[in-house]
Structure formats: C-alpha cells, structure tokens
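Please look through the sequence and the model before reading on.

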Amino acid sequence: HEMKVRKMEKLSMVGELAAGIAHEIRNPLTSITGFAQIIKENANDALTKEYLEIMLNELDRINKIVNEFMFLAKPNDTTEFKETDIKELILHVIKLMEPQTNINSIKVNAKLESSIIAVCDPNQLKQVLINLIQNAIEATLERNKNINIVLKSGKEENYIIQIVDNGSGITEERQKTLFEPFYTTKEKGTGLGLMICRRIIENHHGTINVNSRTNHGTAVTVTLPTYCNAAKFTDKI
Ligand code: ADP
Ligand code: MG
C-alpha cells in the first residue's frame, strides 16, 4: 500500500511539472505550426510538401498532448463548485458528442434519473464525461456501436454514472495500467484521458472503476458524493 501511495505522489508531481512545461511549449508550438503551414503552401516540389505534411501531423500530435496537460495545469481558482443538475449535464455532453456518434452510426441509450442535483465543478465533470464517452466511441467503432449511459442514485448520498459499451474490451493485463499517463493502444491516442478523469473524480472525493471483458465490452462506473463541503475542494488537480 505504501508503495502505491508513493507511486501516486511521484506521478502527481511529475504531472504537475509536465503541466507547467506544457504551458510553456504552447506558444512556440503555435508559431512553428504556422510557419510549417506557410512553407508547405509555398513549396514547389512534391517531396518538400510530403515532408511538411508529416511534420504537421506530428505537430498536431504534440499539440493534442500539450492541450490535455494544459487542462491539468489550470490553477485552483478556476475550479468552481456549484449545484448542478447532473441529468442536464449528461444530456448536454451527449449532444456535444452527436457529430461523432451520428457520423459513425453509434447509438447512445441514456437512462437518466431526474432531479439529481449535486455540488460539483460542471466544467470538470463535463471533461470526465467527454473523455469516457470518447473512449466508448473508439471502442465500438468496429463492432456493436451501442453505448449505454446510466445515471442513478447510490447509497449514502452518492450518485452513480455508468458508461457501458459493447466494444473491444480491455485485457486483464492492460486493466492495471489504464490510468497511467501516456498508456494508449491507439495510433492517435495520448493516453492521458483516463488519468485526467481520475484526477478530477478524486478531487470531487469520488471513485472510478473499470470493469471489462475482452470482446464483450467495458463498463466504467463513477461514484460521486451529491453534497460535500466545497471548502474541502482545495486540492490542485
Ligand atoms: P487514449 O484514449 O488517448 O488512448 P485513455 O487514457 O483515454 O487514452 O485510455 C487509455 C487506454 O485504455 C486506451 O488506449 C484503451 O486501450 C483503453 N480503454 C479506455 N477506455 C476503453 C474502452 N471503453 N474500451 C476499450 N478500451 C478502453
Ligand atoms: Mg481516451
């Protein structure tokens, strides 16, 4: 257990440092990308164009990683805890994802209990939902194309959000490393989505659990307290 705590502390320090560096990288990255685009547009030979295309793709990748870390670097005072209608928040995120689910013919079924009002930072919770639904979409692209989202009351003033897909599933071996930064099985993945989810959920004093079977699908369960003392929410995420 001690080992695990120390590992988490180390990861959190590394995360903070990386978030700071990400912030500094952003400006030069933007200007390099801009110049690369101009050079590509003005290039006369095919080979130069091709190389610049590769450069721009790689720059895009760095940009994605930097942006995800930037989210972690946001200072405390931008987190805002307030009473939120969780059903409305989930419906809002489902709408946001519609271009992606529609274009891939993915069916989203939502079973959402009404009048769950909870104290949370709605922007952060939105980020959690986007990351989890994004993973569910990516897991079902090849098969089934069904995602179930459930919201229900739990025990002791908790509420539960479940994102269930019937996609590729995750092997037992891989389930151990899911939350580690940069762990990804996707060509265009960053491996930061789940780490960010866990940070946000822990900052809300909740838990996240992944249940998965290879070739059957994955259920991610998030349990959060409905009301908690907002003064407790001072940890940096
Ligand atoms: P990314 O999506 O950029 O790869 P994440 O942290 O969001 O990073 O996820 C890490 C890895 O966990 C993914 O690459 C994938 O292998 C696995 N994973 C997460 N969610 C699911 C899911 N719903 N179904 C199957 N695999 C998943
Ligand atoms: Mg992801």
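Which helices each supply at least two residues of the shell around ligand 1? They are helix 5 (122-140) and helix 7 (193-203). Helices (H or I, at least four residues) and strands (E, at least two) are DSSP runs, numbered from the N terminus.

The model is predicted: local features need pLDDT of at least 70, side-chain atom pairs count only at pLDDT 80 or more, and totals for chains, interfaces and linings use all residues. Residues are numbered from 1 along each chain as its sequence is written, and chains are lettered from A and ligands numbered from 1 in the order in which they are written.

**The shell around ligand 1**

There are 21 residues around ligand 1, and N135, A139, T184, G189 and G193 come nearest. A residue is near a molecule if its C-beta atom, placed from the backbone, lies within 6 Å of it. Helix 5 gives the largest share of this shell, four residues. By class, the shell has seven nonpolar, twelve polar and two charged residues. Here Ala, Val, Leu, Ile, Met, Phe, Trp, Tyr, Cys and Pro count as nonpolar, Asp, Glu, Lys and Arg as charged, and the others, Gly among them, as polar.

**The chain and its core**

The protein chain has seven helices and seven strands. Along the sequence they follow the pattern α-α-β-α-α-β-β-α-β-β-α-α-β-β. Of its 237 residues, 24% are buried. A residue is buried if 20 or more other C-beta atoms lie within 10 Å of its own, exposed if 12 or fewer, and partly exposed in between, with C-beta atoms placed from the backbone.

The largest nonpolar core has 36 residues, of which I86, V128, L132, I163, C197, I201 and V222 touch the most other members. Helix 5 provides the largest share of this core, seven residues. A nonpolar core is a set of buried Ala, Val, Leu, Ile, Met, Phe, Trp, Tyr and Cys residues joined through C-beta atoms within 7 Å. In soluble globular proteins, nonpolar side chains tend to be buried together.

**Helix 5**

Helix 5 has 19 residues and reaches 27 Å from its first C-alpha to its last, close to the 27 Å expected at 1.5 Å a residue. The expected span is 1.5 Å times one less than the number of residues. Among the buried residues of helix 5 are V128, L132, N135 and A139. What covers its buried residues includes helix 3, strand 3, strand 4, strand 5, helix 7 and strand 7. Leaving aside neighbours within four places in sequence, L132 is in contact (C-beta atoms, placed from the backbone, within 7 Å) with I163, C197 and V220.

**Exposed parts**

Is strand 2 (residues 107-112) largely in the open or buried? The number of its six residues that are buried is zero, so strand 2 lies largely in the open. Strand 2 and strand 4 run parallel and are joined by six bridges; strands pair if DSSP finds at least two bridges between them. L112 stands opposite L151 in strand 4.

K111 is in strand 2, and E187 is in the loop between helix 6 (172-175) and helix 7.

Technical notes. Two residues are in contact if their C-beta atoms, placed from the backbone, lie within 7 Å.
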